[in-house]
Amino acid sequence: MSSVAPADRAVTPPPAERPKAGRALPVNLRQSGIYVAFGMIVALFAVLTDGQLLSPQNISNIIVQNSYILILSIGMIMVIIGGHIDLSVGSVVAVTGAIAAVLMVNHDVPWPAAILVTLLAGAAIGAWQGYWIAYFEIPAFIVTLAGMLVFRALTLTILGNQGIGPFPDEVRTIANGFLPGYLGNIGLGPLGGADLFTLLMAVVLVTGYVGIGWRNRQGRIRHGQKVEPLPVFAAKNALAVVVVVFMAVQLARFKNMPWVLVLLGVLVLGSTLVMNRAVFGRHVYALGGNPLAARLSGIKVKSVSFWLFVNMGVLSAVAGIVFAGRLNQAGPTAGNMFELDAIAAAFIGGAAVQGGVGKVVGAITGGLIMGVINNGMSLLGAPSERVMLIKGLVLLAAVAFDIWAKRRAGTAR
């Protein structure tokens with residue numbers, strides 16, 4: 001009998017030897033669905049506009065015209081991951097743009113100093129709202145709704161119900177300008193000349209992206225965590241490389257890389273590192289996933305919420321400077337409805353309604369979806385009401401997909 005027992009125990013393999021990617025489909029579907037949808041929307045409008053959507057000038061226009069919404073979406077996705085919402089960002093964009101205009105235009109403050117003061121003003125606005133939300137525990141919806149009214153009133157007071165401009169050339173360059181051709185142009189055959197520096201930056205970007213992805217995958221395997229199948233990993237990275245290289249070639253063929261795209265890249269990289277690598281980012285996910293558990297585990301949830309809104313205020317100030325620089329004036333109606341576009345970008349990009357889920361890159365993708373819809377419908381000559389209809393349906397579909405994927409993931413366990 002002693003020889004039977006070892007044979008019986010050897011029949012069932014240990015849990016560590018079982019496949020680890022078998023139940024990852026719902027999670028992968030939830031995370032990757034937004035990128036598939038983005039590709040389908042781009043392909044649809046590319047066909048409907050006879051390729052005009054993907055022309056070099058139009059790609060540059062999409063990035064520049066939607067830059068301030070993309071900046072806001074970075075802060076908004078972090079706020080939503082933490083289980084909050086911010087309805088005041090449009091008004092904060094307006095009031096910070098007004099502050100910058102008064103300093104630079106009316107008082108001739110040097111533009112670097114004026115930008116610094118404006119960013120500090122945005123941080124102070126975020127701290128004001130974060131204080132009531134974090135330490136008085138007033139719901140963020142109420143505090144930021146009040147802020148939307150208060151800061152719009154302050155904008156009208158500062159500007160006197162009129163626009164102020166023009167801005168210095170350096171500020172306008174940040175919003176509308178392009179990198180100079182540091183290394184000159186290179187011939188691309190029938191495509192014509194293209195900026196070499198922009199192309200080299202694209203090569204560095206895709207190399208780093210693939211390398212980091214491979215290293216993360218190998219780390220998960222070493223720790224016995226679930227990973228997606230190698231063909232799926234390779235296909236996703238190949239698609240990302242093709243998209244980045246295509247965009248880089250088109251931008252390099254037009255007027256090189258926009259300065260605002262460089263600014264966006266820095267903000268996206270920094271925010272992604274904070275959310276994925278820093279302790280603060282893990283605390284934000286924990287706060288949004290389960291506030292009570294986060295508090296019991298020793299996380300200073302009030303401090304986390306406070307700094308989330310400080311960050312949102314600073315990013316709103318950045319967007320305010322970019323938007324005012326793009327228009328070359330600060331106006332009393334600036335930022336109108338920006339909060340809805342930023343919130344829509346976050347939810348379309350994969351944020352969960354309850355918090356605790358989302359990625360910065362997803363929010364950027366969601367913002368680009370909104371931008372492509374706006375641009376594509378404009379190229380087709382569609383009326384504004386039809387554009388709003390399509391955007392509303394896309395937002396509803398994105399949230400419905402999030403809820404469906406979550407339920408499917410729950411039933412798979």
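This is a predicted model: local features need pLDDT of at least 70, side-chain atom pairs count only at pLDDT 80 or more; totals for chains, interfaces and linings use all residues.
Which loop holds Pro166?

1. The chain has 413 residues, of which 43% count as buried. Its secondary structure comprises 17 helices and 2 strands. Among contacts between residues at least 6 apart in sequence, 78% join residues at least 24 apart. The chain exposes about 20,800 Å², and carbon and sulfur atoms supply 68% of that area.

2. On the opening question: Pro166 lies in the loop between H7 and helix H8 (169–176). The peptide bond that leads from Gly165 into Pro166 is cis, its omega being near 0 degrees.

3. Asp108 is in the loop between H5 and H6, and its phi is near 55 degrees, a positive value in a residue other than glycine. Asp108 counts as exposed because its relative accessibility is 63%, the cut-off being over 50%. Asn328 sits in the loop between H14 and H15. Asn328 is not a glycine either, yet has a positive phi of about 65 degrees.

4. Helix pairs come next. Two packed helices are described by the angle between their axes and the distance between the axes. For H4 and H14 the angle is about 175 degrees and the axes are 8 Å apart. An angle over 145 degrees counts as roughly antiparallel, so H4 and H14 are roughly antiparallel to each other. On the H4 side the contact includes Tyr68, Ile71, Leu72, Gly75 and Met76, while the H14 side includes Leu308, Met312, Leu315, Phe323 and Arg326. By class, the contact of H4 with H14 has 15 nonpolar, 4 polar and 1 charged residues.

5. H14 (residues 301–327) also meets H12 (residues 279–289); the two axes come within 10 Å and cross at roughly 105 degrees. Angles of 65 to 115 degrees count as roughly perpendicular, and H12 and H14 are therefore roughly perpendicular to each other. From H12 the residues in contact are Phe280, His283, Val284 and Leu287; their partners in H14 are Val301, Val304, Ser305, Trp307 and Leu308. The residues of this contact divide into 7 nonpolar, 2 polar and no charged.

6. What does the largest nonpolar core contain, and which of its residues touch the most other members? The core has 51 residues, and those touching the most other members are Ile71, Leu72, Ile74, Met76, Ile77, Ile80 and Phe338. Helices that each supply at least two residues of this core include H4 (67–81), H5 (89–106), H7 (140–159) and H11 (259–277), as well as H12, H14, H15 (338–348) and H16 (360–379). The largest share, 12 residues, comes from H4. Apart from this core lies another, of 17 residues, among them Ile348, Ile369, Val387 and Val394. As general background, in soluble globular proteins nonpolar side chains tend to be buried together.

7. Leaving aside its neighbours within four places in sequence, Met76 is in contact with Asp86, Val89, Met312, Glu339, Ala342, Ile343 and Ala346.

8. Ser73 also lies in helix H4. Is Ser73 buried or exposed? Ser73 is buried, because its relative accessible area is 0% and the cut-off is under 20%. Beyond its neighbours within four places in sequence, Ser73 is in contact with Ala342, Ala345, Ala363 and Ile364.

9. Thr155 belongs to helix H7. Thr155 counts as buried because its relative accessibility is 0%. With neighbours within four places in sequence left aside, Thr155 is in contact with Ser91, Ala94, Val95, Ala98, Gly331 and Pro332.

10. Ala127 is placed in helix H6 (residues 111–134). At 23% relative accessibility, Ala127 counts as partly exposed. Not counting residues up to four places away in sequence, Ala127 touches Phe306 and Val310. Ala127 and Phe306 are 179 residues apart along the chain, yet their C-alpha atoms are separated by 6.6 Å.

Definitions and conventions
Residues are numbered from 1 along each chain as its sequence is written. Side-chain values use heavy atoms; hydrogens and water are left out. Axes are lines fitted to C-alpha atoms, for helices over the stretch in contact, and angles run from 0 to 180 degrees between N-to-C directions. Helices (H or I, at least four residues) and strands (E, at least two) are DSSP runs, numbered from the N terminus. Angles under 35 degrees count as roughly parallel, over 145 as roughly antiparallel, 65 to 115 as roughly perpendicular and the rest as oblique. Contact means heavy atoms within 4.5 Å. Ala, Val, Leu, Ile, Met, Phe, Trp, Tyr, Cys and Pro count as nonpolar, Asp, Glu, Lys and Arg as charged, and the others, Gly among them, as polar. A nonpolar core is a set of buried Ala, Val, Leu, Ile, Met, Phe, Trp, Tyr and Cys residues joined through side-chain atoms within 4.5 Å. Buried means under 20% relative accessible area, exposed over 50%, partly exposed in between (1.4 Å probe, protein chains only). Accessible areas come from the Shrake-Rupley method with a 1.4 Å probe; for residues, only the protein chains shown count as cover.
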